[in-house]
Amino acid sequence: MDWQELHVGYLHDVYLALVRREIQPNAHWITEFLPRSATIVLEEPGLAEDSVLALAWDEESGWRFGMFAQGDVHCPTLLRQQRYICGDVLPDPAEVGDTVLAVVEELRRPRRWWQTRESERRWGWPYPPSYRSYRDVRDGFDDRLRAHLPPDDPTHLPAAWPEVSQSPAQEIE
């Protein structure tokens, strides 16, 4: 597997974590440019009609969520009212799922006329954290991504197999 595709396994794990929490992904894509990035658009009933919640990930600042404005495979994802979540560029997929579930539940909660936006719990950070640069090719990030690849993927095998000192036929003698 080419290094540009190493994040596919991790994104698959996050996708499954969302589905296990009954969060409905509507669309998803991996962008074709650097830094490596991806988007998951959610189909959540109970939100305002014009509110389409989305998650976006990139290898420099991690996960963010907000209201989907635009984006696709060829165009970076733009989110309105975005917040960066989970405190790591590669958080555990279950943590991403739990955070998104909590945010969606908060957004579904009916709002009273006397409640203002200031009384809502604010998730994450408004500004992008800088966990790493995609130019840092020897920082161990790709190894963390490889840990999420399926075990039958040949690129997931150990770098060197232990040397066999003797063949099975020699052991019998």
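This briefing looks at a pair of helices and a set of paired strands. The model is a predicted one. Helix H1 (residues 8-20) and helix H2 (residues 93-108) have axes that come within 8 Å. Strand E2 (residues 37-42) pairs with strand E1 (residues 25-30) and also with strand E3 (residues 53-58).

**How the two helices meet**

- The axes of H1 and H2 cross at roughly 40 degrees, and because angles under 35 degrees count as roughly parallel, the two helices are oblique to each other.
- The crossing of H1 and H2 is right-handed.
- On the H1 side, the contact is made by Tyr10, Asp13, Val14, Ala17 and Leu18.
- H2 brings Pro93, Ala94, Val96, Gly97 and Val100 to that contact.

- E1 and E2 run antiparallel and are joined by five bridges.
- A hairpin of six residues leads from E1 to E2.

**How covered E2 is**

- Strand E2 is mostly covered, with six of its six residues buried.
- Ser37, Thr39 and Val41 point one way from E2, and these residues are buried.
- Ala38, Ile40 and Leu42 point the other way, and they are buried too.

Terms used. Residues are numbered from 1 along each chain as its sequence is written. This is a predicted model: local features need pLDDT of at least 70, side-chain atom pairs count only at pLDDT 80 or more; totals for chains, interfaces and linings use all residues. Side-chain values use heavy atoms; hydrogens and water are left out. Axes are lines fitted to C-alpha atoms, for helices over the stretch in contact, and angles run from 0 to 180 degrees between N-to-C directions. Helices (H or I, at least four residues) and strands (E, at least two) are DSSP runs, numbered from the N terminus. Angles under 35 degrees count as roughly parallel, over 145 as roughly antiparallel, 65 to 115 as roughly perpendicular and the rest as oblique. A crossing is left-handed if the near helix is turned anticlockwise from the far one by less than a right angle, and right-handed if clockwise. Contact means heavy atoms within 4.5 Å. Buried means under 20% relative accessible area, exposed over 50%, partly exposed in between (1.4 Å probe, protein chains only). Two strands pair if DSSP finds at least two bridges between them.
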